[in-house]
Amino acid sequence: MALRRDIFWVGRQWAVTGAGIQAVDQRLRGVLDIEIARLWDDDLVGSRRAKPGVNTADFDKALAVARERFPQAPASDPFVAQLVALGVVETPVVSPVVPAMQLRTEGRLARFLPQWRIRR
C-alpha cells in the first residue's frame, strides 16, 4: 500500500498518515501497516514491534504520535446495546426520504449553464 498523501509525521522507518501507521519502505507492500481502528490492539502492536528489522524507537514514537492524533473510541457498553436492540432506549429516526432536486437557474444566462444530454 502506498503512503497516503495526508502525512502527519515521518520518521526513519515509520510514518503516521490518515490510514494509521505505515512503513516508509514501500517494498514491504503494507504488510506491517496498522490501521487506525487497530492502533489500540496491544497484541497487534506487540507483534509488529517484535518483527526483525523494526526500529523500535522509531516505531514507539510513531505509535505515540498516532495514538495522540487518533484517540481511542469509547467501547460501547453491551448492556446499552442490548437495551437499544430490545427497543427500550429510543434511537433517533433518520428519514430515508431524498430531498427534491432543485434547479438553480434563476438569474443566469442560459449559455453559461452546464449542458447535459441523455445518451441512448
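Mentor: In this predicted model, W14 and F59 are both buried.

Trainee: What does "buried" mean for W14 and F59?

Mentor: The cut-off is under 20% relative accessible area, and W14 and F59 both fall in that class.

Trainee: How many aromatic pairs does the structure hold?

Mentor: It holds 2.

Trainee: Why is the pair of F8 and F70 called edge-to-face?

Mentor: The ring centres of F8 and F70 are 6.1 Å apart, and the limit for a pair is within 6.5 Å. Their planes stand at 70°, and over 60 degrees counts as edge-to-face. Therefore F8 and F70 form an edge-to-face pair.

Trainee: Where do F8 and F70 lie in the chain?

Mentor: F8 is in strand β1 (residues 7-10), while F70 is in the loop between α2 and α3 (78-86). The two are 62 residues apart, so the pair links distant parts of the chain.

Trainee: What makes W14 and F59 an edge-to-face pair?

Mentor: Their ring centres lie 5.1 Å apart, with the planes at 70°. The limits are within 6.5 Å and over 60 degrees, so the pair of W14 and F59 is edge-to-face. W14 belongs to strand β2 and F59 to helix α2, so this pair ties together parts 45 residues apart in sequence.

Trainee: How do you know that the charged end of R69 sits over the ring of F8?

Mentor: The charged end of R69 is 3.7 Å from the centre of that ring, and the distance limit is within 6 Å. A charge over a ring must also lie within 35 degrees of the ring normal, and R69 is classed as sitting over F8.

Trainee: Which residues have the most contacts inside the largest nonpolar core?

Mentor: They are W14, V16, I21, I34, L39, F59 and A62, in a core of 17 residues. At least two residues each come from β2 (14-17), β3 (20-23), α1 (42-49) and α2 (56-69). Helix α2 gives the most, with 5 residues. Leaving out residues up to four places away in sequence, A62 touches W9, W14, V16 and I21.

Trainee: How do you know that β2 and β3 pair?

Mentor: At least two bridges are needed, and 4 join β2 to β3, which run antiparallel. They form a hairpin with 2 residues between them. T17 has G20 of β3 as its bridge partner.

How values were computed. Residues are numbered from 1 along each chain as its sequence is written. This is a predicted model: local features need pLDDT of at least 70, side-chain atom pairs count only at pLDDT 80 or more; totals for chains, interfaces and linings use all residues. Side-chain values use heavy atoms; hydrogens and water are left out. A nonpolar core is a set of buried Ala, Val, Leu, Ile, Met, Phe, Trp, Tyr and Cys residues joined through side-chain atoms within 4.5 Å. Buried means under 20% relative accessible area, exposed over 50%, partly exposed in between (1.4 Å probe, protein chains only). Contact means heavy atoms within 4.5 Å. Rings of Phe, Tyr and Trp (its six-membered ring) pair if their centres lie within 6.5 Å; planes under 30 degrees apart count as stacked, over 60 as edge-to-face and the rest as tilted.
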